[in-house]
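The following note sets out several points on the model shown here.

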Amino acid sequence: MTTSLPNCPSCNSEYTYEDGPLLICPMCAHEWTPESAEEEALVALVNDANGNVLNDGDIVTVIKDLKIKGSSNVIKQGTKVKGIRLVDPEDGHDIDCKIPGIGQMNLKSEFVKKID
């Protein structure tokens, strides 16, 4: 009986093996438990202000006026942003998008609401 072990979350190697409660990758020496991999997957989800899960390409609206740092411009509440892209958080900014009338910008997911 063979069980399918998950690929390494660090290097995506398929040559993982079990050693007691741990899963180990011989390629990069990464060690993890199946439970920790599930927890990391849940943490990696990006949620909007209402707790809805955001995905690349979603359409969102800004829920409050946002001042643009280093400028006198403001992103008004209700501004619709199409085709967002999720990125690794940089100072809490986890959405990369193009805002109409302003241009390329990074936003925090806590200030947007997903449109169905």
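With which residues is Thr-79 in contact, leaving aside its neighbours within four places in sequence?

1. Thr-79 is in contact (heavy atoms within 4.5 Å) with Val-60, Thr-61, Val-62 and Ile-99, its neighbours within four places in sequence being left aside. This is a predicted model, in which local features need pLDDT of at least 70, side-chain atom pairs count only at pLDDT 80 or more, and totals for chains, interfaces and linings use all residues. Residues are numbered from 1 along each chain as its sequence is written, and side-chain values use heavy atoms, with hydrogens and water left out.

2. The loop between strand 8 (74-75) and strand 9 holds Thr-79; strands (E, at least two residues) are DSSP runs numbered from the N terminus. With a relative accessible area of 17%, Thr-79 is buried, a term that denotes under 20% (1.4 Å probe, protein chains only). A polar atom of the Thr-79 side chain lies 2.6 Å from the backbone oxygen of Lys-76.

3. Strands in the order 9-6-13 form an open sheet of 3 strands with antiparallel pairing; two strands pair if DSSP finds at least two bridges between them. Strand 9 (80-81) and strand 13 (112-114) are the edge strands, each pairing on one side only. Strand 6 (residues 60-62) is joined to strand 13 by 3 bridges, and Val-62 stands opposite Val-112 in strand 13.

4. UniProt, in an unreviewed entry, places "domain: Protein YjdM C-terminal" at residues 46-114; such annotations may be inferred rather than shown by experiment. That span, residues 46-114, is 0% helix and 49% strand, with its end C-alpha atoms 11 Å apart.

Key:
Helix = DSSP H or I, 4+ residues; strand = E, 2+ residues; numbered from the N terminus. Buried < 20%, exposed > 50% of the residue type's maximum accessible area, 1.4 Å probe, protein only. Polar contact = N/O pair within 3.5 Å; in protein donor to acceptor, adjacent residues only side chain to side chain.
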